[in-house]
Number of protein chains: 2
Amino acid sequence: MELAQYFPVWDQLTPEQQKTLSGAASRQSVKKGTILHNGGADCTGLLLVRSGQLRAYILSEEGREITLYRLFEMDICLFSASCMMHSIQFDITIEAERDTDFWLIPTDVYKQMMTTSAPLANYTNEIMASRFSEVMWLMEQIMWKSFDQRLAAFLLEEAGLEGSNQLKMTHEIIGNHLGSAREVVTRMLRYFQNEGMVKLSRGTVEILNPEKLSHLAQI
Amino acid sequence: MELAQYFPVWDQLTPEQQKTLSGAASRQSVKKGTILHNGGADCTGLLLVRSGQLRAYILSEEGREITLYRLFEMDICLFSASCMMHSIQFDITIEAERDTDFWLIPTDVYKQMMTTSAPLANYTNEIMASRFSEVMWLMEQIMWKSFDQRLAAFLLEEAGLEGSNQLKMTHEIIGNHLGSAREVVTRMLRYFQNEGMVKLSRGTVEILNPEKLSHLAQI
């Protein structure tokens, strides 16, 4: 059963628990751009990514965004089932950044199983600790790194994800990822261009000098 | 047994588990200013606060600090046992902000019990989710609120904690809490003084107009 691959503790579940989880999981597909989970408004369930890419972000009252982390093949999305724990008091939005294929496990089935399976509860703990770590890393970036470093790191990360140095992204989209205004992004990209690190054209940022960018990003 | 008060799931532990936890817990006291846990360097164990006040913060390479959250009477400090979960990949420092009296449960005893008790594992999950929520709140503050709002909110929070509008804190200490340089704090406090919200004297910030401050903080 494919679900077993997502849970290193699968063998520590009873055959009955394995059957319940497998029976409750449904295969789903969404198109790029679909919002899978929207803050506190819904409680979709656990998402087990089969292929594609999800983005978790927070949204300010004024509509500004900041990307918290991404989920790829074989990752488990916990916060789409955030109602599972009443101590989760923040709203995360989950968006499909590519066409995405996933298993959905309904929240109530999973929650019920956690109450009886210590291995599953502990594994869920590890998933949460791992997302917590990503958010802490991000906070340290925001606090201690300047915007030029963060933007340089972001461009390199995107190039790695896309497998290309030609990034088709507007300055507004980049701003959304980094929680910054479009004008701030434009200003800094122009500085990068003047330094020969990138080349700008309509809707595209081309990385010309990744070494210089990564030196700036200190990565 | 006093430990039971810290764990709403106490009654779901077996008598043997209750005995093990109680037997392993030791009562300890530290003076104000003591560092109880220092990043990834040690793994003290779970701290159950009996009285006093703990501060959890992160530290940049350059020695800048930012306060993540505080723990008071009846709170459980999980990250002082961060080695318990290998997915916790960030370093938090825990400092006693007042003379503090606590129960210490060794990490290995607690970790072992989580592997056999689903209720304890799930409760630990809730504690982590609750700290995660505090950090997300802080990140939203940093991202979306301007420094004047954060400083105003901080002064009001401190006044509440101290039960006094006379805050004995240097500008450097305030900067450490907020992750900002001393100069930035001084400049903003002078602006607050000009606006009649505070009065500054050596080592003291006196809140003169809490209404105006809380209007600024939007709380």
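At what angle do the axes of helix H5 and helix H6 of chain A cross? The model is predicted; local features require pLDDT of at least 70, side-chain atom pairs count only at pLDDT 80 or more, and totals for chains, interfaces and linings use all residues. Residues are numbered from 1 along each chain as its sequence is written, while chains are lettered from A and ligands numbered from 1 in the order in which they are written.

The axes of H5(A) (residues 171-178) and H6(A) (residues 182-194) cross at roughly 110° and come within 8 Å. Axes are lines fitted to C-alpha atoms, for helices over the stretch in contact, and angles run from 0 to 180 degrees between N-to-C directions. Helices are DSSP runs (H or I, at least four residues), numbered from the N terminus. H5(A) and H6(A) are therefore roughly perpendicular (65 to 115 degrees). From H5(A), His171(A), Glu172(A), Ile174(A) and Gly175(A) meet Arg182(A), Val184(A), Val185(A), Thr186(A) and Leu189(A) of H6(A).

Between the chains, H3(A) and H3(B), each spanning residues 118-144, pack at about 15° with axes 10 Å apart. That makes the two H3 helices roughly parallel (angles under 35 degrees).

The contact between chains draws 33 residues from chain A and 33 residues from chain B; contact requires C-beta atoms, placed from the backbone, within 7 Å. On the side of chain A that touches chain B, H2 (107-116) and H3 each supply at least two residues. H3(A) gives the largest share, 19 residues.

Terms used:
Angles under 35 degrees count as roughly parallel, over 145 as roughly antiparallel, 65 to 115 as roughly perpendicular and the rest as oblique. Two residues are in contact if their C-beta atoms, placed from the backbone, lie within 7 Å.
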